[in-house]
Amino acid sequence: AAMDAFFIDPEVERLPPASVRLLEVRSVPSPDGNRIRLALELTPFQKRPNIDLVLTDPFGSVCGASSILEPMGWKMELTLHNRLSDPQTGTYLLSISISYPDLGEVEVRQVPIEISTIERP
């Protein structure tokens with residue numbers, strides 16, 4: 001696409017949709033447990049994927065979600081909000097799905113996120 005012209009590095013091998021994978025996930029929960037700072041890195045891609053994120057609390061209930069539609073780059077940072085009014089300590093689970101409309105899911109990963117302390121205001 002014409003808009004990709006600024007981002008193409010001829011030295012980087014860009015993979016076809018079926019080969020796109022999640023390389024790294026870093027998470028940093030906020031002290032109050034209401035937000036989680038995420039850094040995601042995918043393999044370089046030829047075609048921009050869709051990424052769905054679902055956060056579940058230690059009891060298995062969905063407490064946050066986000067969708068990233070066709071990101072421009074393969075490295076991204078975002079803040080995922082925990083919708084619980086009173087976040088609890090424990091192990092939360094972040095489910096990440098990478099997909100394409102014409103291909104479906106190419107990777108699904110579950111990443112535990114430990115929230116060990118909650119600072120109350």
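Two strands count as paired if DSSP finds at least two bridges between them. Strands themselves are DSSP runs (E, at least two residues), numbered from the N terminus.

What you see above is a predicted model, where local features need pLDDT of at least 70, side-chain atom pairs count only at pLDDT 80 or more, and totals for chains, interfaces and linings use all residues. Residues are numbered from 1 along each chain as its sequence is written, and side-chain values use heavy atoms, with hydrogens and water left out.

Start with the sheet of 4 strands. It is open, the order is β4-β3-β6-β7, and the pairing is antiparallel. From one strand to the next, the twist averages 15°. That angle is taken between N-to-C directions, on a scale from 0 to 180 degrees, with axes as lines fitted to C-alpha atoms.

Now look at β3, residues 50–56. Antiparallel to β6 (residues 90–100), β3 is joined to it by 7 bridges. There, I51 stands opposite I98. With β4, β3 also pairs antiparallel, over 7 bridges. D52 has S67 in β4 as its bridge partner. The hairpin of β3 and β4 has 5 residues between the strands, and in it G60 takes a positive phi near 95°.

Next, the sheet of 3 strands. This one is open too, ordered β1-β2-β5, with antiparallel pairing. β1 (22–29) and β5 (75–81) are the edge strands, each pairing on one side only. Neighbouring strands here are turned by 20° on average, direction ignored. β1 meets β2 (residues 35–42) in the antiparallel sense over 7 bridges. V28 has R37 in β2 as its bridge partner.
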